[in-house]
Amino acid sequence: MILASRHSWARLVAAIAFTIACMNVHVDAKQAPKKKQKTTAVKSSAKKSKPAAKTTAKPADKAPPKEAQPDSSVVKIDANDPKAFTKAILLDKQGVEFEVVGEEKQPAPKLVVKEKKKEDFFDFSTMLVPITHPAPIASKYGIRDHRLHRGVDVSVIKDEPVLAAFPGVVTMAKYNKGGYGHYVIVDHENGLQTLYGHLSERLVKIGERVYPGDIVGLAGNSGRSSGAHLHFEIHYGEINIDPETIVDFPNWDLKPGVEKVSKKSIVRAHYNMQRKLKKEGTYVVKKGDTQGKVAKWFNISIEALCRINNLKPGAPLKAGQKLLGSK
Ligand SMILES: [Zn+2]
């Protein structure tokens with residue numbers, strides 16, 4: 001007869017869980033009920049393999065207190081013994097009574113939880129291009145004036161509608177005098193973000209849900225711009241994506257194969273560009289340099305230089321100091 005109390009059975013179940021973990025049983029984190037099922041399944045199969053234990057074990061509520069049964073023939077299994085479960089199974093097969101004793105010093109290891117593998121590519125095939133007619137690129141993505149131009153500039157007709165590329169939620173809609181002018185950022189469900197800059201007017205608000213084809217604003221010449229154009233960026237979090245990877249300009253056609261663009265290749269391209277930027281876009285301060293001079297080298301405002309490099313406006317620069325014009 002098995003004298004294992006409810007408490008020690010709980011330990012056995014923990015040991016079973018440990019065994020499962022060792023057998024690399026992976027349970028989807030998002031499917032908590034499955035985790036329970038797994039444990040239960042092993043528990044019940046263990047019971048099936050030892051019907052004697054099942055039939056002879058006394059219900060816990062009817063079992064007399066442990067102290068009342070001092071029986072030296074009962075084999076004690078230390079709950080801290082990593083082989084506790086194996087020993088219990090063997091003893092049970094042999095028909096030997098056993099009891100699991102002792103408190104576990106450490107909580108039983110949890111089941112190894114492995115997240116479902118995320119997709120390692122982007123599907124851009126459902127992207128709707130923000131401009132509905134052929135529009136040549138006026139300035140490409142890449143390093144320009146020692147800093148990174150994070151998107152493409154496309155020539156547009158002033159006040160023409162600019163459309164959302166994917167469904168999503170507007171996370172930014174504001175005016176930036178020295179940079180993007182009126183601009184909008186949309187956070188998409190596929191993990192991407194798109195930015196539409198130099199608009200003459202914003203037609204969405206932060207928090208607003210947009211669908212492909214919704215007008216986020218009108219194209220324009222606001223901010224740091226010298227002619228009507230749309231500055232269009234695609235991001236994947238901190239990763240900048242060259243829109244020309246996806247779109248064939250000037251026709252705004254999607255390139256072949258965009259339904260499966262490797263995330264790895266996108267991330268690699270981003271870091272290659274960052275390396276290039278570090279080489280070509282770092283200004284090493286010389287004696288006598290001013291914030292104005294360095295800002296001019298980067299073709300940005302002093303305010304932008306200070307913001308990017310955490311400088312106090314007007315503060316003197318130190319020789320040898322390294323400054324950036326973009327991040
Ligand atoms: Zn631009």
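How many salt bridges does the count come to by the rule used here? The count comes to five salt bridges, a salt bridge being a side-chain nitrogen of Lys or Arg within 4 Å of a carboxyl oxygen of Asp or Glu. Please keep in mind that this is a predicted model, where local features need pLDDT of at least 70, side-chain atom pairs count only at pLDDT 80 or more, and totals for chains, interfaces and linings use all residues. Residues are numbered from 1 along each chain as its sequence is written, and side-chain values use heavy atoms, with hydrogens and water left out.

**View 1. The zinc ion and its protein donors, H149, D153 and H231.** H149 (NE2), D153 (OD) and H231 (ND1) lie 2.0 to 2.1 Å from the zinc ion; donors are N, O and S atoms within 2.8 Å of the metal (3.2 Å for Na, K and Ca), and since water is not among the atoms, sites may look incomplete. Along the chain, the spacing of these donors reads H-x3-D-x77-H. H149 in strand β6 (residues 147–149) and H231 in strand β14 (residues 229–236) are 82 residues apart, so the pair links distant parts of the chain. Here strands (E, at least two residues) and helices (H or I, at least four) are DSSP runs, numbered from the N terminus. H149 is buried at 6% relative accessibility, and H231 is buried too, at 4%; buried means under 20% relative accessible area, exposed over 50%, and partly exposed in between (1.4 Å probe, protein chains only).

**View 2. The salt bridge of R144 with D153.** The closest N and O atoms of this pair are 3.3 Å apart. R144 is partly exposed, at 30% relative accessibility, whereas D153 is buried, at 7%. D153 is also one of the zinc donors.

View 3. The side chains meet at 3.0 Å, N to O. K140 is exposed, with a relative accessible area of 52%.

**View 4. The salt bridge of D289 with K293.** Their closest N and O atoms are 2.9 Å apart. D289 is buried at 8% relative accessibility, while K293 is partly exposed at 44%.

View 5. Most residues other than glycine have a negative phi, and most peptide bonds are trans. The peptide bond from F249 to P250 is cis, with omega near 5°, and P250 is placed in the loop between β16 and β17 (253–254). H146 has a positive phi, near 65°, and belongs to the loop between β5 and β6. H198, in strand β11, also has a positive phi, of about 65°.
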